Structure formats: C-alpha cells, structure tokens
Amino acid sequence: MAEYIIAIDQGTTSSRAIVFDRKGSIVSVGQKEHEQILPQPGWVEHDALEIWRNVQEVIGVALAKADLTRHDIAAVGITNQRETAVVWDKTTGKPVYNAIVWQDTRTQSIVDRLAADGGVDRFKPVVGLPLATYFSGTKIAWILENVDGARAKAEAGDLLFGTTDSWVLWNLTGGSDGGVHATDVTNASRTLFMDLETLEWRDDILEAFGVPRSMMPEIRSSSEVYGAAESSSLLRETPIAGILGDQQAATFGQAAFETGESKNTYGTGNFLIFNTGEEIVHSKNGLLTTVGYKLGDAPTHYALEGSIAVTGSLIQWLRDQLGIISSAPDVERLATTVEDNGGVYVVPAFSGLYAPYWRPDARGAIVGLTRYANKGHIARAALEAVAFQTRDVIDAVNADAGVDLSELKVDGGMVANDALMQFQADVLGVPVVRPVVAETTALGAAYAAGLAVGFWSGLDDLSANWQEDRRWEPELEADERDRQLRLWRKAVSKSMDWVDEDVR
C-alpha cells in the first residue's frame, strides 16, 4: 500500500519535490534553483524548459533520498508561483517566449490602455482583482502583441497558456502527446479572466485583452484526479490529484480551513490570506478577492489576500546585487551587529507597491541615511521592511473584517529568522506562531492530492496534524511601535510618484 504523497512546489526561485507521510511530516526533499532572467529594469523572466527539466530532476532526488519508487506514492500534488505566464506551442511543446514572472512590470502600458475605459477596477466586481501588471492576463496580452507570429498561431488554435501549474501538469501527463491542459480555481482566479461566482472564463474579458479562449486551460477544482503521470516519468501511472496556487496551498497546509482563519507566508514576497468562507467579500482597503480552495464538488471557499511583492527577494538583492552578505541566512547575523536601524528605512518597491497601496509609480528607496549608517543598519532595515509591509496589510485585513487579528500564523523560508519573527510580533502587537512543518506550501498541495484519493479521510485528519513549534510575543513598547510605524509610512511616501514617462 502506498504510504506517501509527493508535492511538486514550482516556486519563483526554485523547484522542489517533497515527500510527505500520513502525519504531514517531511520524508525527503529535492530542490534546484533556476535562473532569474532580468533583460532590463522591471522585466523578470524564467526559462520554462529549464523549470520542467528541474522538476523532473528534483522528483528523482526526492524519491532517491527516501529510497522510494512510484509504487510508494499514492498521489502527486502541484503548487506554483501563481501569476507567472507561460505560452507554448501545443504541437512542439516549446514556449514561444520565456515565462513572464509575476514580479514583472513591463505590461503597465497594457494596464493603462485597459483602464482608460472604466479605471483599474473595471473588472474587479467580477474577478476580484484590479488591473495590474501583477496578474497573468496582461502578460499573455504582451506576448501576443510582441512575439513575432504569436498572434496568428494563437488565433489558429496552436498556442496554449498556463501558469506554471498547468505547464508542469501538461508535461507530466504527456505534453504534446495527450497532456492534460488544466488549472485549478485558485490559479484561475489570478488571471483577471475568471468569474468568481461561476468559476468560468469570461469571454467578454478575454476579448477585451485580445486573448483567444482556445489558449485557456480547463478550470477544475483544487482536489480531484486530473490525470496520471506518463510512461517515461519516474512517477508513471501515479495520479496527479491536487493543484493549489502557492499562497492558497500554504493556507491549506496551515489548516486554516474555516472562516476567519488566516496565515502569512514569507517567501520571495509576502502573502497574507484571510479565509472568508463561502462568501465573496470585496475589499474596501486595497486587498484582493480570490478563491481560497475548492475540494471536488464541495462549495468554493473564498479569501481576502494582501500581496507584497518584495520580501525574501530583498534579501537576495542584498546578496546578489549589493554583495553585503554571502548567503541569505547571513542577513540575521549582520542585522544583529547593530542595536537598531540607525534611522534607516528600506522601501523595496522594486515592482511598484502592491497591497494595500497599489502604486505602480513607486520605486525602491533607502531613506534616513547619515554617515553613521553602515551595512548592519541596511540589513536590519531590510528585515524590518518585511515586517512593516506585513503590518500595512494586516491593518487592511482588520478594517475589512471588522475584527482585529488576535495572532498571526506564519510559514515560508524566512520564518527561520528569529530576529525577523520577534520584530514582526513587536510591530504587530500580537503573537506570531510558527508551525512544526514550516513548508506549508508543499504540504497544502500534498493535502489536496491526498484528500482526492482517500489518503486522508477529511479536513479533521489534516487539522490534527498541525502542531505549534514556536511563539513570539510582542516586547516593544506601544509608543516606540507607533513612532517606528510613523517613520516607515513617511519612508513609503518618499517612494511614490517616481516613475514618469521617461523613467523605466
């Protein structure tokens, strides 16, 4: 009897395969980074073929580390970077252009063109999202408008679109030889094209963007059997049975199944999701309305989301562009060489500001510099920027929900940073709680797949697996917290109105 589930976590910086047992514990991990392609300011791309090669490799690594074969695996779950767009030829299986990453801002002119008729909230009552470069719809439009021959091929029915879940699923189930072209409701809800009520593509919105419907994947639930791995795969004949966009997967992995439950994931960016149950709640405070999950034929669960573009990638920037640290964990050591931020604030608006501001005209800023400031202050200010941005989003959640969050469940790679987690509790004024299994994104995808094949019997099984690892209580005095928040918001204001017509 198969005793394990494998989750494929196709993320912004790497692809991973993680094997889980029935208790939701990690058995083995395979991981490989892929190249971040930065052709010019504001452009961020990935090589989708490299991603697929890496996915195949990490599956093999995870199986080998645990001494397992496909016969030990009950099902495969997929989770992914949600808004990153891949367009490929369905006959050759080759992308017509690099994947355009969710952080990419090149499509602002398309956003402006579409917003000229009805503003940035033109489609928001239907899809829950404002017009923004963040979402995959504008990226598909850019490819069709700028890649030679793409428009003609798309209109002839020869091109397919997918976020990276669809790209992995299609290849894993056979590719050009019968691959399944599908996505789940959580990823579909991030395109700007899906009606939140009907869970179907809206032809009128597709037409406004100039995207043929024939390109679009079939929308399915988050937990069902989509197909089986093809014969040449190490997982051949294993059912692929769960798909959740990464932030919804992390929420599911945190067992935040009920109305009012939430989590915050610290990854490349930060993403807070607040479960609104079966009710579609439209934010009045800069949050997104999205699908939380849908299990087979059961009712859809919705959520409010606060999306922050740059958190973990800010630490990568300190490492790769500035060279003040040699590895990401070094940032905590460097930050603790100083007692405070020395008056320095970093606003990492590399892709503009996302929630709750939604200011594409913003750009990154380091303010408050004096001769006293050193690299320790900059490292500390970078970590604090992660916590300050989260505070801004949680203020919006509290305003929309009408009830203040009493504690924050956290997950993702950065929650290993104790200094950051303590400052997060300080700046929020509420406890911050880390689970034993912090890799909740992959765990959520595993849960969705396991539920579909009966590996777990229901949500109660999953809730029983959740265990607290550590809790941070706020220690900062209220007056000092308010002072720092005031200075942070002043710093944010300095990052705005930067982009003019002649500024990239």
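Helix α6 is followed by glycine 174, which has a positive phi near 130°. Helices here are DSSP runs of H or I with at least four residues, strands are runs of E with at least two, and both are numbered from the N terminus. A residue is called buried under 20% relative accessible area, exposed over 50%, and partly exposed in between, with a 1.4 Å probe and protein chains only. The buried residues of α6 include Trp167, Leu169 and Trp170.

The model is predicted: local features need pLDDT of at least 70 and side-chain atom pairs count only at pLDDT 80 or more, whereas totals for chains, interfaces and linings use all residues. Residues are numbered from 1 along each chain as its sequence is written, and side-chain values use heavy atoms, with hydrogens and water left out.

The chain holds 16 helices and 21 strands. A compact globule of 504 residues would have a radius of gyration near 23 Å, and the 22 Å of the chain agrees with this. That radius is taken over C-alpha atoms, and the globule rule is 2.2 Å times the number of residues to the power 0.38. Along the principal axes, the C-alpha atoms fill a box of roughly 60 × 50 × 45 Å. Of the 504 residues, 61% count as buried. The accessible surface comes to about 19,000 Å², and 46% of this belongs to carbon and sulfur atoms; such areas come from the Shrake-Rupley method with a 1.4 Å probe, and for residues only the protein chains shown count as cover. Among contacts between residues at least 6 apart in sequence, 71% join residues at least 24 apart, where contact means heavy atoms within 4.5 Å.

UniProt lists residues 4-253 as "domain: Carbohydrate kinase FGGY N-terminal" in an unreviewed entry. UniProt positions follow the numbering used here, feature names are shortened, and annotations may be inferred rather than shown by experiment. Over residues 4-253 the chain is 30% helix and 25% strand, with the end C-alpha atoms 16 Å apart.

An open sheet of 6 strands runs in the order β3-β2-β1-β5-β12-β11, and its pairing is mixed. Its edge strands, β3 (26-33) and β11 (223-228), each pair on one side only. Neighbouring strands of this sheet are turned by 25° against each other on average, direction ignored. Two strands pair if DSSP finds at least two bridges between them. Strands β1 (residues 4-10) and β2 (residues 14-20) run antiparallel and are joined by 6 bridges. Alanine 7 has isoleucine 18 of β2 as its bridge partner. Helix α1 (residues 48-65) packs on the sheet, where it touches β1, β2, β3 and β5 (73-80), and its direction makes about 150° with that of β3. Axes are lines fitted to C-alpha atoms, for helices over the stretch in contact, and angles run from 0 to 180 degrees between N-to-C directions. Helix α9 (residues 246-253) lies across β5 and β12 (239-245) and runs at about 100° to β12.

Valine 29 lies in strand β3 and counts as partly exposed, at 26% relative accessibility. Leaving aside residues up to four places away in sequence, valine 29 touches Ala17, Ile18, Val61, Ala62 and Lys65.

For residues 264-452, UniProt gives "domain: Carbohydrate kinase FGGY C-terminal", again in an unreviewed entry. This span is 36% helix and 21% strand, and its end C-alpha atoms lie 26 Å apart. Threonine 300 lies in the loop between β15 (288-293) and β16 (301-308) and is buried, with a relative accessible area of 11%. Residues up to four places away in sequence not counted, its contacts are Leu199, Gly277, Glu278, Val291, Tyr293 and Lys294.

In helix α10 (residues 312-322), the buried residues include Leu314, Ile315 and Leu318. The buried residues of α10 pack against α11 (330-335), β17 (345-347) and α12 (375-401).

Strand β19 (residues 408-411) is covered on both faces, with Leu408 and Val410 buried on one side and Lys409 and Asp411 on the other. Strand β13 (residues 262-266) runs parallel to β19 and is joined to it by 2 bridges; threonine 265 has aspartate 411 as its bridge partner in β19. Strand β20 (residues 432-435) also pairs with β19 in the parallel sense, over 2 bridges, and lysine 409 stands opposite valine 433 in β20.
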